[in-house]
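Welcome to this guided tour! Open your viewer, get ready to select residues by number, and follow along stop by stop.

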Amino acid sequence: MRRIAILGSTGSIGTQALDVAARHSDRFQVTALVAHSSSDRLFEQVRAFRPQIAALTVEPASIPEDIKDACEWMFGEDVLLRVVRACDADDVLVSVVGIAGLAAVMEALSCGKRVLLANKEPLVAGGELVTEAARKAGHPLLPVDSEHSAIFQCLQGAGGNRPERLILTASGGPFRTWSREAIYTATKEQALKHPNWSMGRKITIDSASMMNKALEVIEARWLFDMPAERIDVLIHPQSVIHSMVEYADGAVMAQLGTPDMRLPILYAMSWPERLPTGGKRLDFEALSALTFEKPDLNRFPGLGLAYQALACGGTMSAILNGANEIAVDAFLHDRIRFGQIAQLVEETMASVPVTQHPTLEQVFESDLKARARAKELLATSRFAI
């Protein structure tokens, strides 16, 4: 029986993690649930799982009488850290949105808890700090992203052989076949229609711009200690091969499966074991073709920014991430065009100073500076719709 705390329990990853925890209730005990403001959904989860602690960043007007005394309740901006410190958990699944997950990851590792990482920002913004903290804690960072989970799974069969190249696959999103001009003026409704995956609004927009894949390149660099020049991205529209690893002899190992996030979630929760997800199995006879394409950086310039950020080093990846969050929010609120997301990120990266080998405080400072600069740029005439 492993005890698990879920940070971001009402989101897509959190709800699916609870689904597999319920399926294997003899193996997992949910000890803490944390959400931002979705109180009604969290109340239902508390009724179903009876955790020791439940928390919301935004305090609700009231707590239903039937669960008021069912657990300890916490509220406020700092609940992530307070819950991580207080919860009786072996594992902490971090699936919150944004850089708030970085401090939670660092706290979990310092408390000796194993981290299941579904939040990109901790490694994107603070990869050097997080990987060093994990090394000191003696726990592997267990990736939940389907692509990084795939690479992690492939490495389990490597027999100690170091990979030569990592190949992250990408669906290509809703605009895979669109022209640069059409992508530039794409609407919010069009960008939110992902062909293969059901995700939150922010990550769906990132997938459409391929900024999501840019963040994953940065993640992979830190998770697997791989130089950026040996991390490739390949468009694979069918989303059957979730990523691949190439070795010195030219052999390539790939992890395949249906597009179901419960598989990487459960693998992280049960590692090194494998447990049934209850999901649909891959039917090879039904597969008509598996196709691959090289990504077009002219149409998806955000992807190239990841390699620029890694080449620069230091806090540049944190700057990229902070600027992207402001840009995506601006697009979702109809303040900029879709094609201006990468433009805003690039201009912010060019105008915010970088700190090499930063402390945690300096990472957060760079994030704030990037957000402030991105907002300044948004106010200029060239970003007016």
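Before the first stop, one term: two residues are in contact, or touch, when they have heavy atoms within 4.5 Å. You are looking at a predicted model, in which local features need pLDDT of at least 70 and side-chain atom pairs count only at pLDDT 80 or more, while totals for chains, interfaces and linings use all residues. Residues are numbered from 1 along each chain as its sequence is written, and side-chain values use heavy atoms, with hydrogens and water left out.

**Stop 1: T348**

Select T348, which sits in helix α14 (residues 340-349). Helices (H or I, at least four residues) and strands (E, at least two) are DSSP runs, numbered from the N terminus. Is T348 buried or exposed? Its relative accessible area is 0%, so T348 is buried. Buried means under 20% relative accessible area, exposed means over 50%, and partly exposed is in between (1.4 Å probe, protein chains only). Now show what T348 touches: I319, A323, A370, R373, A374 and L377, not counting residues up to four places away in sequence.

**Stop 2: the nonpolar core**

A nonpolar core is a set of buried Ala, Val, Leu, Ile, Met, Phe, Trp, Tyr and Cys residues joined through side-chain atoms within 4.5 Å. In soluble globular proteins, nonpolar side chains tend to be buried together. The largest core here has 123 residues, and L7, W73, V83, L93, V144, M269 and F338 have the most contacts inside it. Which helix gives the most to this core? Colour helix α13 (residues 316-332), which contributes 11 residues. Then zoom in on V83: leaving out residues up to four places away in sequence, V83 touches L7, A32, V34, I53, A55 and M74.

**Stop 3: helix α1**

Next, select helix α1 (residues 12-23) and check its length. At 1.5 Å a residue, the 12 residues of α1 should span 16 Å, and its end C-alpha atoms are 17 Å apart, which agrees. The expected span is 1.5 Å times one less than the number of residues. The buried residues of α1 are I13, G14, Q16, A17, L18, V20 and A21. Their cover includes β1 (2-7), β2 (28-35), α2 (39-49), β5 (91-94) and α11 (262-270).

**Stop 4: a pair of helices**

Show helix α5 (residues 121-137) together with helix α10 (residues 211-223): their axes come within 9 Å and cross at roughly 5 degrees. That makes α5 roughly parallel to α10. From α5, the contact uses L123, V124, G127, E128 and T131; from α10, it uses L215, I218, E219, W222 and L223.

While α5 is on screen, pick out P122, which is found in this helix. P122 counts as buried because its relative accessibility is 0%. Draw a distance from P122 to E219: their C-alpha atoms are separated by 8.7 Å, although the two are 97 residues apart along the chain.

**Stop 5: helix α9**

Select helix α9 (residues 201-209). Seven of its nine residues are buried, so α9 is largely enclosed by the rest of the structure. What covers the buried residues of α9? The cover includes α5, α8 (188-191), α10, α13 and α14. Just after α9, M210 takes a positive phi of about 65 degrees.

**Last stop: P237**

Finish in the loop between β9 (231-235) and β10 (241-246), where P237 lies. At 16% relative accessibility, P237 counts as buried. Apart from its neighbours within four places in sequence, P237 is in contact with A170, S171, R176, N196, T291 and E293.

Notes:
Axes are lines fitted to C-alpha atoms, for helices over the stretch in contact, and angles run from 0 to 180 degrees between N-to-C directions. Angles under 35 degrees count as roughly parallel, over 145 as roughly antiparallel, 65 to 115 as roughly perpendicular and the rest as oblique.
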